[in-house]
Amino acid sequence: MIDRANKPEKTSLDMAGQVGAKAARKLQAQRNPTPGVWFGLGLMGVIGWSVVVPTLLGAALGLWLDRHYPGGHSWTLALMAAGLVLGLLLKPLLAWRMLHDEVLAVEVALGQSLPAGRAQLARLVSRDVSALTAVQVRESAIESLAENLNDSVVAPLFWFALLGLPGAALYRFANTADAMWGYPGMRGGRYWQCAGKWAARADDVLSWVPARITALLLAVVARGLPFSTLARQARKTPSPNSGWPMAAMALALGVRLSKPGVYQLNAAGRAPTNRDAERAQKLVSKVALTLVLIALAAIVFVVFRMVA
């Protein structure tokens with residue numbers, strides 16, 4: 001039996017505090033809604049349909065051509081293959097567009113306030129952002145832009161060109177596993193070192209060549225960078241790969257990019273401004289456009305070889 005005489009009564013102050021806390025939680029949920037299942041399915045659907053739709057359209061056009069213009073070759077097979085390749089090209093570009101918008105949102109949030117900029121940056125990076133200055137927030141956003149140009153666009157296309165769809169899928173699995181588990185020590189209250197070692201090593205191996213290709217592409221669209229300086233700066237980061245696109249970006253913009261207490265790329269450069277963030281987005285967009293043109297030329301070549 002409960003002794004009601006000894007049970008503390010809720011005072012009006014306690015009740016007010018609980019009501020206030022509940023209202024605060026509701027307001028926070030309204031301001032920062034958690035993506036639900038439908039959001040995830042919708043995102044998967046958008047990226048998935050970017051592959052399915054071109055493939056189906058290519059097959060449909062091929063069937064029509066085979067029916068009306070029969071010959072010694074199969075338009076259906078050729079155009080279906082072209083649609084599949086085109087769809088696989090669109091998939092990383094959609095992922096890249098999402099990243100581009102997230103980085104742009106960091107700059108917009110930073111223009112509102114430093115806490116807002118930090119909060120937006122936390123969606124992109126794994127580092128602790130609570131003590132970053134405005135300049136460091138911008139540096140981190142530009143670094144993320146350069147690094148993910150390799151992770152989201154160049155590397156998947158490189159492995160697809162080399163090993164086809166299995167190669168691209170293998171790379172994306174290793175890269176995603178590294179992002180989820182590849183953290184030493186404690187993260188989120190769990191010890192991830194053992195689980196993350198294999199993911200980090202696999203990602204390092206698979207990203208080794210693409211990261212350097214990404215840096216060279218940035219150097220090309222920036223109209224040339226001294227390779228010896230680029231290589232020296234790239235080796236300053238703990239990662240064997242991420243330093244290459246980040247160093248290329250730092251040198252192309254003439255700015256300093258750093259992670260406090262870990263590395264500093266192009267230390268002689270100036271602090272980046274909002275104009276540099278815009279220039280960084282233009283540089284990576286040029287790289288993406290260059291890859292699109294190369295891929296489209298390859299598709300046209302393959303189709304004509306198949307139907308010739």
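In helix 4 (residues 114-121), Gly117, Gln120 and Leu121 are buried, where buried means under 20% relative accessible area, exposed over 50% and partly exposed in between, with a 1.4 Å probe and protein chains only. Viewed down the axis of helix 4, these buried residues fall within an arc of 100 degrees, so they line one face of the helix; the arc is that of the directions from the helix axis to the C-beta atoms. The structure is a predicted model, in which local features need pLDDT of at least 70 and side-chain atom pairs count only at pLDDT 80 or more, while totals for chains, interfaces and linings use all residues. Residues are numbered from 1 along each chain as its sequence is written, and side-chain values use heavy atoms, with hydrogens and water left out.

The protein chain holds nine helices and four strands, which are DSSP runs numbered from the N terminus (helices H or I, at least four residues; strands E, at least two). From the N terminus on, the order of elements is α-α-α-α-α-β-β-α-α-α-β-β-α. Of the 308 residues of the protein chain, 40% count as buried. Among contacts between residues at least 6 apart in sequence, 59% join residues at least 24 apart, a contact being heavy atoms within 4.5 Å.

Back in helix 4, Ser113 caps the N-terminal end, with a side-chain oxygen 3.2 Å from the backbone nitrogen of Ala116. Gln120 is buried, with a relative accessible area of 17%. Leaving aside neighbours within four places in sequence, Gln120 is in contact with Glu102, Ala105, Val106 and Ala109. Leu121, not counting residues up to four places away in sequence, touches Val106, Val129, Leu132, Val137, Ser140 and Ala141.

Together with Leu218 and Met249, Leu121 has the most contacts inside the largest nonpolar core, which has 44 residues. Such a core is a set of buried Ala, Val, Leu, Ile, Met, Phe, Trp, Tyr and Cys residues joined through side-chain atoms within 4.5 Å. Elements that each supply at least two residues of this core include helix 3 (75-112), helix 5 (134-181), helix 6 (193-221), strand 4 (263-265) and helix 9 (274-307). A second, separate core of five residues includes Ala155, Trp159, Tyr171 and Ala174.

About 30 Å³ of space lies in the largest cavity, a volume being the space filled by probe spheres set on the points. Its lining is made up of Val103, Glu107, Arg138, Ala141, Ile142, Ala277 and Gln281. Helix 5 gives the largest share of this lining, three residues.

Most residues other than glycine have a negative phi. Arg223, in the loop between helix 6 and helix 7, has a positive phi near 65 degrees. Asn266, in the loop between strand 4 and helix 9, has a positive phi near 55 degrees. Arg223 is exposed, with a relative accessible area of 80%, whereas Asn266 is buried, at 14%.

Conventions. A polar contact is a pair of N or O atoms within 3.5 Å; within protein, one must be able to donate a hydrogen and the other to accept it, and residues adjacent in sequence count only if both atoms are side-chain atoms. On a 1 Å grid over the protein atoms alone, a cavity is a set of points where a 1.4 Å probe fits but cannot get out, and a pocket is an open set with protein on both sides within 12 Å along at least five of seven lines; lining residues have an atom within 4 Å of a point.
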